[in-house]
Every structure is written in structure tokens, then in C-alpha cells.
Amino acid sequence: MSNSSVAIVIHDNFTDAEFIIAYYMLKAYGFDVKVYSLNGGAIRGVNGWLHKTQIANGQITIPISGHGEVDILVLIGGVRSIEYLRQCKPLIEWIRQHNAQGKLIASICHAISLCIDADIL
């Protein structure tokens, strides 16, 4: 599956280790990894890790309209970050649509609640 596109979705206060390991392992295996968030700019993990997210048209966006552009969706945990992500209806719909297309979704730790909210479990 290398050369596949991967979207990692994070928000402030994500669990640093979950993101760092997923991000760098996917990159090491040749995946095209992009990181998305709701509020843009640099996103800081609960332990202080700082990562810049994708910018589209000058602001950070979740590519809701481009469901077909991503092969794999990776949802990173963090209790505080997930509580914000769960309130984003377009993200929940993106998860639902990604699943309906039979595409892979990886959910780490507390991020499984996003899959529950999307009614795919």
C-alpha cells in the first residue's frame, strides 16, 4: 500500500506518542502523509510536541469535499483533543463516507469514539 495517501487527523492536546509513531512509520514505509486539524497552524500535543498541519487556501481545512482523495484515514487519540473533534459534524461525515467506500480507517486509543459517533461500529 505504499504510495497511498494517508490523512492523519489531530487537534490540540493529541497524544504525542500516538501521532509521532504513526506519522514517522507511515512516512518510512513510503506513504504520502498529510496532517489535518480543525483550528490550523501548529498543533501542540499534550506533552508539548508541535506539528504543522496542512494548509489549503490559506487556512487549515479537513478535506471534506475530497473524500476520494485519501486512501487511509488515521485518527489520533487524546481525550481532550477527541472531545473537540467529536463536535465536528463534517469530520464525522468524512469518517462515515470513508467507511462506506470500503477504505481503511485506523483509530488509535480514544479516537475510536469518533468511529462510534460516525455509527460505523
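Analyst: One definition comes first: a salt bridge is a side-chain nitrogen of Lys or Arg within 4 Å of a carboxyl oxygen of Asp or Glu. The model is predicted.

User: How far from D16 is the nearest side chain of opposite charge?
Analyst: D16 lies in helix α1, residues 16-28. D16 is buried and has no salt bridge. The nearest side chain of opposite charge belongs to R44, at a distance of 7.5 Å.

User: Which residues does D16 touch, not counting those up to four places away in sequence?
Analyst: Contact here means heavy atoms within 4.5 Å. With residues up to four places away in sequence left out, D16 touches G45, V46, N47, G48 and W49.

User: Are the side chains I72, V74, L73 and L75 of strand β5 buried or exposed?
Analyst: In a regular strand the side chains alternate between the two faces of the sheet. In β5 (residues 72-75), I72 and V74 are on one side, with L73 and L75 on the other. Both faces are covered, and these four residues are all buried.

User: Which residue in β6 stands opposite L75?
Analyst: Strand β1 (residues 5-9) runs parallel to β5 and is joined to it by four bridges; V9 has L75 as its bridge partner. β5 also pairs with β6 (residues 104-107) in the parallel sense, over four bridges. In β6, the residue opposite L75 is S107.

User: What is the area of the nonpolar surface patch that includes Y29?
Analyst: Y29 sits in the loop between α1 and β2 (32-36). Y29 is exposed, with a relative accessible area of 57%. Together with I21 and M25, Y29 makes a nonpolar surface patch of about 360 Å².

Notes:
Residues are numbered from 1 along each chain as its sequence is written. This is a predicted model: local features need pLDDT of at least 70, side-chain atom pairs count only at pLDDT 80 or more; totals for chains, interfaces and linings use all residues. Side-chain values use heavy atoms; hydrogens and water are left out. Buried means under 20% relative accessible area, exposed over 50%, partly exposed in between (1.4 Å probe, protein chains only). Helices (H or I, at least four residues) and strands (E, at least two) are DSSP runs, numbered from the N terminus. Two strands pair if DSSP finds at least two bridges between them. Lys and Arg count as positive and Asp and Glu as negative; His and the chain ends are not counted. Patches are made of residues with over 30% relative accessible area and no salt bridge: like charges are joined within 9 Å, nonpolar side chains (Val, Leu, Ile, Met, Phe, Trp, Tyr) within 5 Å. Accessible areas come from the Shrake-Rupley method with a 1.4 Å probe; for residues, only the protein chains shown count as cover.
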